[in-house]
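Hi everyone, thanks for coming.

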Amino acid sequence: MGYNAKFRVWRGMNEDGELHDFEVDVNEGEVVLDVIHRIQATQAQDLAVRWNCKAGKCGSCSAEINGRPRLMCMTRMNTFDESETVTVTPLRAFPVIRDLVTDVSFNYQKAREVPSFTPPPGLKPGEYRMQQIDVERSQEFRKCIECFLCQDTCHVIRDHEENKPVFAGPRFFIRIAELDMHPLDTLERKRSAQEEHGLGYCNITKCCTEVCPEGIHITDNAIIPMKERVVDTKYDPAFGLFRVLRARSKSKVVMNEQAERAWSLLRSVEDGDVEYATVADQVADAMQQAKAVASTGTVLARLEALDHVEAGRLDQAAEEARVSLSWHRSAQERSDAWVTLARVYDSQERATATVEAVENARRFWPDNPRLRQFAGEDHHP
Amino acid sequence: MTDLERHSYDVVVIGAGGAGLRAAIEARRQGKRTAIICKSLFGKAHTVMAEGGIAASMGNVNSKDSWQVHFRDTMRGGKFLNHWRMAELHAKEAPQRVWELETWGALFERTPDGRISQRNFGGHEYPRLAHVGDRTGLELIRTLQQKIVSLQQEDEQEFGDPEARLRVFAECTMTEILKDGERVAGAFGYWRESGRFVVFDAPAVVLATGGIGKSFKVTSNSWEYTGDGHALALKAGGSLVNMEFIQFHPTGMVWPPSVKGILVTESVRGDGGVLKNAGGQRFMFDYVPDVFRTKYANDEAEGDRWYTDPDNNRRPPELLPRDEVARAIISEVKAGRGSPHGGVFLDVASRLPAETIRKKLPSMYHQFKELAGVDITTEAMEVGPTCHYVMGGVEVEPDTGAAVGVPGLFAAGEVAGGMHGSNRLGGNSLSDLLVFGRRAGAGAAGYLDQLGSDRPGVGGSDIDRAADEAVAPFAGDGTENPYTIHTELQMTMNDMVGIIRRREEMEDALEQLAALKSRAAGVTVEGHRQFNPGWHLALDLENMLLVSECVARAALMREESRGGHTREDYPLMDAGWRQVNLICRAEGDQVSVDKQPLPIMPTELLELFDRDELDKYMNEDELTALPEGGA
Ligand SMILES: Cc1cc2nc3c(=O)[nH]c(=O)nc-3n(C[C@H](O)[C@H](O)[C@H](O)COP(=O)(O)OP(=O)(O)OC[C@H]3O[C@@H](n4cnc5c(N)ncnc54)[C@H](O)[C@@H]3O)c2cc1C
Ligand code: SF4
Ligand code: SF4
Ligand code: FES
């Protein structure tokens, strides 16, 4: 049942590293971390990687797998195609120490900036009384294993070193929320979340929630309630709400504008109106700007996939398209991902796979204009 | 030496799990400048993985519970080999330690009247384990971590420097205890990240390094568990006690191979899960040993009633101490009644509603779903024994955690021995960490007070020697790879000094260990000193080999079966051996094992047991020496 997998792993120190290719055996039931360990034991003794529990409990083995922030020990190999190259890179938001190991000290610094639990004076050990229902809200946040994947993915700091001093990040927003909702904590937390920990920078893109391996509802249960209550305590309610909505919609507008720009450029390449080379820089620029506000690209996989196809990077195109399929909820976006996959398969001359992909694309969105490119050919059932 | 970093502290705590953090908090609270050193990042120590709970007789769920009952259960679990004083202190102080966590922000599950809820666990007579779902260790370590942060915040206010009196050195491995004559003078190690050497000058060192499971192939333990603290103590002139006792947890995952050994928490059984063989039979009813016969249910109906009416029924045998359950599973598999992948079935799906399972056992649900593709709310799990915990460890003074024979050295947590005797009860480790972590921190502070200005100093030549030893693997002759030797060591220990032991096999094992030791001397690593796991393993390997030899030698010597030591050639418990502790020491790399009489339990504690029960453990002489009537 084993097979030989292709891995690309980031190796090197600081900024000057590069991706190294490995071919390595994979056995049934294995996870990415097992494969990294096999590379270490047989091909690269000094490959640096952090891990402890191998069961998703300690949050040590965080990395980016095919560009997604994930725990290596909880990413099963059978979620990849056997022919697919699996790319493993260190967390992007933090400086690389070596190979897959990054310097996460930022997070420990931020932890120190949150004032500790402060119970009412005079309440003695053993006298604490709390109802289950009242502790459950905070308990959700205390499930955090400090993998820092949410910190990694958050666009406010991911590509913006300059925001780090003023922004605690989602991990510490839930810490503040946890204390705020603790039945016996006595400190005021909401205002300081806004004023000292940079809650205002968050524009509720929810990327942090999407990557959290513990399934903590970071945005819905911590950030949004705090923002709402900051509004109550700090501003005139109407104004505050307006502020939040505006911040949110502003970045959405920027992202949508830029994504739209890149998409239409790529579409005109796809339709044969322009050469890819002449617009490549503009596309890259637009994607960069969209990404700056859209975080890890959860919303951009569809774009990236098409960009890769046009640039002839078929493997990456296929990866991104699959990502897009698993992350995007709207039928139109899914359909687009299938069209892109169809183009990859078509270039690889995999006829059956192409037909299937076209079918899927049609199923999600029968009128997808991009399907026209397959219309004349013999792809109909 | 040019690339040497040097720090001076009052107390150096090696290890940032529950024991280390609690020790450091105590030392710092008593005004000592304290360093915490750990191999992983802060907050990732093994303690984070503990699932089921922390045992303390708060009596919140059943008010009949008391420290005396907890003490009794602990002694029974350890088959009367525990150091009575440790078991006593542990049972008495555990509740205060749990309540203290609450004042630092821990949020345990609650009872309807708002107190800390407690759950059933193997070997505990009453519901006793404070818990948070099945992630109690995470709650414990995070709470201690956050307490440390709060102490640092206080120091920041007072001195403008959060690290003025308490600093964490993460990803830093200690390879040697430095001494000045008889006394501890500090510790030597390297930064994992840069490979740079670092020396800590400190008159008191607390070992809190956890266990040794990485010497076994199938284990619930992580890479950190290479027995460093055990080896450091030996090399510093300390002694280890009870090393033959290794706990194999009955329920580890058995499939797929890459997750073999990962723990399935005992709470699955505490909350109603049952063990079945391939024929669907609840086989544990056939394996209740005589010493426990009167405490466990006779049939399934009684066992099932116990969950709701524990006062009028006896508990099901699935909740026997771990050693019993592990052996029963092995017997079933050997008899051909195992599951497809060589384990047995643990069934909670047919016992509890899916919703309850997801609520009470969230991380088990997640773990099986993600790693094995099994939905535990509809299917049974396949489980089998896995190396989990070492009862043996550094021989210490119970009240202070001071290591016997090495002034200035202290030990607490899994690295210390004596508390659990021949077998540890579930939930008794987390409480052990807090009770004895605190005591070791206080012990170190007390030692310093006594020392006054007469501080020992680190000798320069000792530093040079420690450094030479550490870089030796880079200068090897290129034939041995540390990963290969490690794999062979794990096979040897697993197969020949594992759950069921035999003289011939252990003798073979000792020969193989000797061969591995000489091969290890020629280990060569590639690359440079910056974050080089091959090099780290090469250094850890030496510790694993030394400690494994202690285990094998002690196991060969103890000719009886008791708790975490089962001899096929001596299948019964022997009252004569109950009076004996086996003590390991090292001279250079020569390990010796000596017999030493067990400390004698005072009468008022003996009186907590029925005479009938003592009959099962003690021999004639001891029993006749007991006061009339009393016990
Ligand atoms: C999966 C699992 C579940 C468990 N569940 C429970 C439970 O429910 N209840 C219970 O009571 N017990 C449980 N246990 C047992 C319990 O978790 C451990 O015994 C306990 O956490 C050990 O704590 P410790 O403080 O002694 O060491 P650890 O938490 O293991 O910490 C050891 C520390 O020492 C450091 N260290 C080691 N060597 C060196 C060195 N050379 N230099 C520097 N630092 C070093 C490590 O980096 C680490 O920080 C469980 C164990 C496992 C594996
Ligand atoms: S919602 Fe988006 S912006 Fe806000 S913290 Fe999460 S990732 Fe960052
Ligand atoms: S909140 Fe989730 S993603 Fe963020 S650090 Fe905690 S566990 Fe990781
Ligand atoms: S190794 Fe602990 S979370 Fe992956």
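This is a predicted model: local features need pLDDT of at least 70, side-chain atom pairs count only at pLDDT 80 or more; totals for chains, interfaces and linings use all residues.

B:Phe292 has a relative accessible area of 4%, so it is buried. B:Tyr296 also comes out at 4%, and therefore B:Tyr296 is buried. A pair of aromatic rings is described by the distance of the centres and the angle of the planes. For B:Phe292 and B:Tyr296, the centres are 6.1 Å apart and the planes make an angle of 85°, an edge-to-face pair.

Over all chains, the structure holds 21 aromatic pairs. Another one of them joins B:Tyr9 and B:Phe200, this time tilted, with 6.5 Å from centre to centre and 40° between the planes. Where in chain B do B:Tyr9 and B:Phe200 sit? B:Tyr9 is in the loop between β1 (4-8) and β2 (11-14), while B:Phe200 belongs to strand β10 (residues 197-201), so the pair links distant parts of the chain, 191 residues apart. Both B:Tyr9 and B:Phe200 are buried. Chain B also has an aromatic cluster, made up of B:Trp67, B:Phe71, B:Phe80, B:Phe609 and B:Tyr617.

Now to the charges. Side chains of opposite charge can pair when their charged atoms come close.

In chain A, A:Arg158 and A:Asp152 form a salt bridge, with 3.3 Å between the closest N and O atoms. Buried or exposed, what is A:Arg158? A:Arg158 counts as buried because its relative accessibility is 6%, and A:Asp152, at 0%, counts as buried too.

In chain B, B:Asp155 and B:Arg165 meet at 2.7 Å, N to O. B:Asp155 lies in helix α4 (residues 136-159), and B:Arg165 in the loop between α4 and β7 (166-170), 10 residues apart. B:Asp155 has 0% relative accessibility and so counts as buried; B:Arg165, at 18%, counts as buried as well.

Compare that with the salt bridge of B:Arg167 and B:Glu163, at 3.7 Å, N to O. Here B:Arg167 is partly exposed, since its relative accessible area is 24%, and B:Glu163 is partly exposed at 26%.

Finally, the interface. 60 residues of chain A are in contact with 69 residues of chain B. Between them the two chains bury about 5,200 Å², with 52% of that on carbon and sulfur atoms. Which three residues supply more of chain A's buried area than any other three? They are A:Gln45, A:Arg112 and A:Arg142, with 17%.

There are six salt bridges between chain A and chain B, including one at 3.9 Å, N to O, between A:Glu146 and B:Arg142. We also count 40 residue pairs in polar contact across the two chains, both residues at pLDDT 80 or more. On the chain A side, α3(A) gives the largest share, six residues. By type, that side divides into 29 nonpolar, 13 polar and 18 charged residues.

That's my tour, thank you!

Definitions and conventions:
Residues are numbered from 1 along each chain as its sequence is written. Chains are lettered from A and ligands numbered from 1 in the order in which they are written. Side-chain values use heavy atoms; hydrogens and water are left out. Contact means heavy atoms within 4.5 Å. Buried area is the accessible area (1.4 Å probe) that two parts lose on being put together, summed over both. A salt bridge is a side-chain nitrogen of Lys or Arg within 4 Å of a carboxyl oxygen of Asp or Glu. A polar contact is a pair of N or O atoms within 3.5 Å; within protein, one must be able to donate a hydrogen and the other to accept it, and residues adjacent in sequence count only if both atoms are side-chain atoms. Helices (H or I, at least four residues) and strands (E, at least two) are DSSP runs, numbered from the N terminus. Ala, Val, Leu, Ile, Met, Phe, Trp, Tyr, Cys and Pro count as nonpolar, Asp, Glu, Lys and Arg as charged, and the others, Gly among them, as polar. Rings of Phe, Tyr and Trp (its six-membered ring) pair if their centres lie within 6.5 Å; planes under 30 degrees apart count as stacked, over 60 as edge-to-face and the rest as tilted. Buried means under 20% relative accessible area, exposed over 50%, partly exposed in between (1.4 Å probe, protein chains only).
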